[in-house]
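Grab a pencil and work through these exercises one at a time. Try each task yourself before you read the solution below it.

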Amino acid sequence: MTTPPSSTGLRLSIAWLYGTKMNIYGDRGNVLALERRARWRGIAVETREIGLGEPIPADVDVFFFGGGQDQEQVAVSADLEGAKGEAIKAAVADGAALLAVCGGYQLLGHEYRPHDGAVLPGIGLFDLVSEAGLERFIGNVVVDSPLGELVGFENHSGLTHLGPGVEPLGRVRVGRGNNGKDGTEGARLGSAVGCYLHGSLLPKNPAFADWLLAAGLRRRYGPVDLPPLDDTHELAAHASAVDRALRTR
Amino acid sequence: MRRNGAPDPLGRPSALPDPRLLAALASAKLAGAAIRRLGRGGGTAAPGLVADRLDPALLTKIARRLERGAVVVAGTNGKTTVSRMLADILEADGLRVAHNRSGSNLVRGVAAALAERATLGGDPRADVAVIEADEAAFPAIVRRISPRLVLLNNLFRDQLDRYGELDTIAKAWRAALLTLPADTVVVVNVDDPGLAEVTRDLPVRRLAFGLDEPDPRFHLAALPHAADAATCRRCGHDLDYAPLYSAHLGAWRCPNCGAARPPLAVLGTDVHLEGVEALRMTVERRTPPASDDPGGDSPFERDEAGPGRAAATEGDPPPGWSAGSGTGARPPLLLNAAVPGLYNAYNVIAAVAAAGSLGVPDSTIARALAAFRAPFGRIERVAFRDRTLVLALVKNPVGFNETLRMLTLASGALAVPTLIAINDLAADGRDVSWLWDVDFELLADGTAPLSTTGLRGPDMANRLKYAGVPPDRLRPLPADLRSALEAFVETVPPGAVGYVLPTYTAMLGLRRALADLGAVETFWKQ
């Protein structure tokens, strides 16, 4: 995607991991939210889709990694093994921001254990493992997190168990979360976040979108103050989603 | 007749009464009558539930007594339209057609539709049945009915919260198709690479249809975001399209393993869209090539019956071409249909392919399609407060994209004020994530105001904002459909047209509101 010139001198590099393969629940709205919210503030944006067999560029500020169908997830797991997975971990350790949703989230843990068939190895960015469950968690979710109230939609049968090396993103107020038992949702390690929240998540959780943007920019420019935007539509969408969550689950 | 000859599972001659079937039919009819007396419309599944409990084999027993067998139609988009087109064509051909016209397309709804029409003795009082099947219910319906013809229109992502992933549906469909006898005809849209794979090397007759449209206005430059991963079902490589028509539909080919769209036996070409009203097109039928092409795919692979064997009922040879006959093409068929958009061109090809295979003469097909009117919500016109509202149901990303394409082709960059009504009730799908897969960016350059309403109207307004629609064109209206409708009409100049694009339950609510407010449905009335 091309970009208008920056009016602030700032630029942001977004890497969309396996964009065409891992995009089944409208997760591209997350990339759209990051791009628009940066451009509305005069920040130049470049988004690159990183497909199978393509290396991770050296200058990524924010990664996005969505969910895919089973067939695609097997190919992606194999592609991440080795140098590519290591490059993502190195970038995050160096301060890059990251958001992974659902299938992408699971592949950033140690492994995914299906009911039958081989274990899918993950890259171990997050200290967590996921396994196939017997029930599908489907519905609106409201999460209380240190980054604010988050609202999204979960649709997963995989159960995720966090290890001691990672914090949960937050606790579910409405919905089932990581595993339906311990009340946690998602995982967070520095500026890297994984979760089960579709929706799309970022367009109706603008403060969280800005937190990711700021984290991504910090790596290159140090602390950056993002000027506020008119979030009337975003906050209305957030409020109505929370209301529907309370009424539907 | 073929199905008629099947032996009764309990070894009785079929003329004797079947007490279980009798009880089931009687109860279903009573339940149906009671519901109608209570004035509860749309309660078509309850009688089916009762009947199914009393005699789970009801569907099988009635279907077996259809002289001309049953047709099952499935697909994410267009199945209601195609099955109605086909039912209309068969009726125009003089047949008595049983059809789940109310759109109750689960097993119980189908059982209810057939039970309502049948006599207490189990006579279906129809020569042929045209059954629209829900994607998830398709395998169960096919196993119970053992149709003589199956029509597969497309398979897109739709309500993942309800149906699960496409791979799962595709596998279930194929498993069901594998249970069908060898003389079953499977009419399939092979522009859809997933459906080409679902029907590959089946021990039945495959009749492959698709588009062959050279007009570049109908070609897409790149896969839309709503398209499902367009990867080769055999080797996993990304597919090439030359051209791509819609979603992941087109003349596809795998540059890695050489798999490709199978040769078309029935193809649509020379499509002309006439606004949001109608289309004209030509459908050509080709003699399929021998079944030893390199891709292993031909429209008639495993046609063991050989040339000369007609797919239509034996003893009643069709007046010309028929599926699997291998005896040659008919002249091109020029068609007019009062349905708009490229997606309806696919529906027309599907209906023509199936009707031809069932032995209906071309002149009858053309006459029935010319008289066809779109089913509920697909496209309707309503006169309201000196304006004309055009209502079109939206229910999934691919369908929504095609509707937007039709509207912007009809009026340039959308110049017509538009109301989008998004609900998230069970029948709409609880998850509104799919709105982010629709290419609303098409609307960014227009001039018309865009209003939003429904339970998730705010999500819709936000989606339009991120699609690049300028804030001064956005009109977020209250979730209440009636007040939103009244406010929306004010954005439409008197005498002009407004578009209304609701999800399923929002459509129901808007129709109620329109009726309450005295609107009049105009010439699209069914």
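**Exercise 1.** Decide whether B:Arg381 is buried, partly exposed or exposed, and do likewise for B:Glu277, its salt-bridge partner.

*Solution.* Keep in mind that this model is predicted.
- Step 1: The relative accessibility of B:Arg381 is 14%. Buried means under 20%, so B:Arg381 counts as buried.
- Step 2: B:Glu277 has a relative accessibility of 29%. That value lies between the cut-offs of 20% and 50%, so B:Glu277 is partly exposed.
- Step 3: Now look at the pair. The closest N and O atoms of B:Arg381 and B:Glu277 are 2.3 Å apart, and the two form a salt bridge.
- Step 4: Find them along the chain.

**Exercise 2.** Describe the salt bridge of B:Arg482 and B:Asp516, then that of A:Arg173 and A:Asp144.

*Solution.* 
- Step 1: The side chains of B:Arg482 and B:Asp516 meet at 3.9 Å, N to O. The cut-off for a salt bridge is 4 Å, so this pair counts.
- Step 2: B:Arg482 belongs to helix H14 (residues 481–489) of chain B and B:Asp516 to helix H15 (residues 504–516) of chain B, 34 residues apart.
- Step 3: B:Arg482, at 38% relative accessibility, is partly exposed, whereas B:Asp516, at 56%, is exposed.
- Step 4: In chain A, the side chains of A:Arg173 and A:Asp144 form a salt bridge at 2.7 Å, N to O. A:Arg173 is in strand S9 (residues 170–174) of chain A and A:Asp144 in strand S7 of chain A, 29 residues apart.
- Step 5: Both residues are partly exposed: A:Arg173 at 42% relative accessibility and A:Asp144 at 37%.

**Exercise 3.** Work out how chain A and chain B meet.

*Solution.* 
- Step 1: Begin with the contacts: 36 residues of chain A touch 36 residues of chain B.
- Step 2: Next comes the area. The two chains bury about 3100 Å² between them, with 47% of it on carbon and sulfur atoms. A:Arg28, A:His233 and A:Arg244 supply 21% of the area that chain A buries against chain B, more than any other three residues.
- Step 3: Look for charged pairs. The interface holds 5 salt bridges, one of them between B:Asp439 and A:Arg28 (3.6 Å, N to O).
- Step 4: On the side of chain A that touches chain B, H6(A) gives the largest share, 8 residues.
- Step 5: Sort that side of chain A by type: 11 residues are nonpolar, 15 polar and 10 charged.

**Exercise 4.** Which residues touch the most other members of the largest nonpolar core?

*Solution.* 
- Step 1: The largest core has 81 residues, and B:Leu90, B:Val348, B:Phe400, B:Phe440 and B:Leu464 touch the most other members. Helix H10 (residues 342–357) of chain B provides the largest share, 11 residues.
- Step 2: Follow B:Leu90. Leaving aside neighbours within four places in sequence, its contacts include B:Leu95, B:Val128 and B:Leu358.
- Step 3: Another core, of 68 residues, lies apart from the largest one. Its members include A:Leu10, A:Phe64, A:Val92 and A:Ala132.

Technical notes. Residues are numbered from 1 along each chain as its sequence is written. Chains are lettered from A and ligands numbered from 1 in the order in which they are written. This is a predicted model: local features need pLDDT of at least 70, side-chain atom pairs count only at pLDDT 80 or more; totals for chains, interfaces and linings use all residues. Side-chain values use heavy atoms; hydrogens and water are left out. Contact means heavy atoms within 4.5 Å. Buried area is the accessible area (1.4 Å probe) that two parts lose on being put together, summed over both. Helices (H or I, at least four residues) and strands (E, at least two) are DSSP runs, numbered from the N terminus. Ala, Val, Leu, Ile, Met, Phe, Trp, Tyr, Cys and Pro count as nonpolar, Asp, Glu, Lys and Arg as charged, and the others, Gly among them, as polar. Buried means under 20% relative accessible area, exposed over 50%, partly exposed in between (1.4 Å probe, protein chains only). A nonpolar core is a set of buried Ala, Val, Leu, Ile, Met, Phe, Trp, Tyr and Cys residues joined through side-chain atoms within 4.5 Å.
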